[in-house]
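Take a look at the structure below.

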Amino acid sequence: MRFSLQREVFLKPLAQVVNVVERRQTLPVLANLLVQVKDGQLSLTGTDLEVEMVSRVLVDDAQDGETTIPARKLFEIVRALPDGSKVTVSQSAEKITVQAGRSRFTLSSLPANDFPSIDEVEANERVRVPEAALKELIERTAFAMAQQDVRYYLNGLLFDLREASLRCVATDGHRLALCESPLENGAQTKRQLIVPRKGVQELQRLLEGGDREVELELGRGHLRVKRDDVTFTSKLIDGRFPDYEAVIPIGADREVRIDREVLRASLQRAAILSNEKYRGVRLEVSPGQLKISAHNPEQEEAQEEVEADTKVDDLAVGFNVNYLLDALTALKDEHVVIMLRDANSSALVREAANDRCRHVVMPLRL
């Protein structure tokens with residue numbers, strides 16, 4: 001096996017797959033990348049048995065073959081080489097030589113046959129999604145996923161495929177983020193898939209936006225995302241996601257319309273003096289204004305007053321300030337609408353122009 005290519009061209013696919021490789025492995029071969037050269041194309045595969053990434057690139061001076069090379073060492077070597085250098089990788093017996101200019105590195109390898117592959121995805125449905133739309137859906141919701149929750153089905157992102165749209169939903173039990181995007185050709189049957197946290201993070205890193213489309217292959221236990229230069233596969237969480245639509249407040253009819261950036265800055269300032277453990281802030285709504293207050297065990301207090309377009313009178317609700325800030329960061333419109341019902345009910349936060357993305361934040365007793 002042998003191939004040559006420019007450092008910058010080599011670095012991009014390496015960076016895509018190296019993140020999948022766990023630093024602590026149960027099998028030594030999982031610390032390696034599967035490197036295959038066939039018909040002038042190089043493919044690099046990394047996996048941790050839950051997530052698999054295959055990246056492809058065209059190469060020069062190619063001799064077909066396959067082996068596995070230590071992932072992090074290869075990535076660090078290529079990253080440390082000078083810009084513009086040409087990298088040649090060749091194999092002789094069980095040793096791999098990486099050459100660029102006057103630099104030469106010899107690495108050990110393991111047989112390609114030892115490398116595990118994720119089972120073939122029996123795709124019972126394929127859906128095409130604009131890459132920019134999928135990237136946006138994940139970015140606007142993934143932050144609300146639970147971390148190491150005993151309710152394992154919350155430690156991931158729900159892909160809810162409908163006839164004409166794709167929804168991404170995440171919740172950790174205290175807040176919920178939902179965003180949807182229309183699809184030209186939606187799913188033939190409604191499907192719900194829960195992609196685990198690591199898969200979501202890798203997908204977020206991988207997607208670049210732009211006009212091109214990616215293909216989602218949906219299997220019973222896997223989701224596969226295909227782009228011309230890369231194939232990403234993730235196992236799914238086997239569980240039932242809660243009925244998230246029941247969590248979205250229906251009777252919240254008290255509306256507060258407010259400048260998103262002004263509110264965000266005010267909350268950030270108030271948060272400085274909030275209790276480090278509970279992170280609580282109190283929102284008091286009166287006609288034309290929103291008052292934000294926070295205090296901590298040292299008897300320190302912060303107060304902010306913000307102009308708001310609202311007729312609501314005499315309503316005070318407590319919230320975790322981090323949850324509100326996360327929701328406001330995920331929204332993009334200049335103005336946001338906060339829908340409230342009473343002091344003990346969740347708030348619905350959305351953009352003023354549309355309700356494509358919605359965030360639900362549970363109240364906090366202060």
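Which residues in H1 meet which residues in H2? Arg7, Phe10, Leu11, Leu14, Ala15 and Val18 of H1 meet Ala71, Arg72, Leu74, Phe75, Val78 and Arg79 of H2. Contact here means heavy atoms within 4.5 Å. These residues divide into nine nonpolar, no polar and three charged. Ala, Val, Leu, Ile, Met, Phe, Trp, Tyr, Cys and Pro count as nonpolar, Asp, Glu, Lys and Arg as charged, and the others, Gly among them, as polar.

This is a predicted model, where local features need pLDDT of at least 70, side-chain atom pairs count only at pLDDT 80 or more, and totals for chains, interfaces and linings use all residues. Residues are numbered from 1 along each chain as its sequence is written, and side-chain values use heavy atoms, with hydrogens and water left out.

H1 covers residues 7-18 and H2 residues 71-80. Their axes lie 10 Å apart, at an angle of about 145 degrees. Axes are lines fitted to C-alpha atoms over the stretch in contact, and angles run from 0 to 180 degrees between N-to-C directions.

Next come H5 (residues 260-271) and H6 (residues 321-330). They pack at about 155 degrees, with axes 10 Å apart. That makes H5 roughly antiparallel to H6 (the term is for angles over 145 degrees). The contact includes Leu263 and Leu267 of H5 and Leu324 and Leu328 of H6. Its residues are seven nonpolar, two polar and two charged.

Last, the lining of the largest pocket has seven nonpolar, four polar and seven charged residues.

Key:
Helix = DSSP H or I, 4+ residues; strand = E, 2+ residues; numbered from the N terminus. Parallel < 35°, antiparallel > 145°, perpendicular 65-115°, else oblique.
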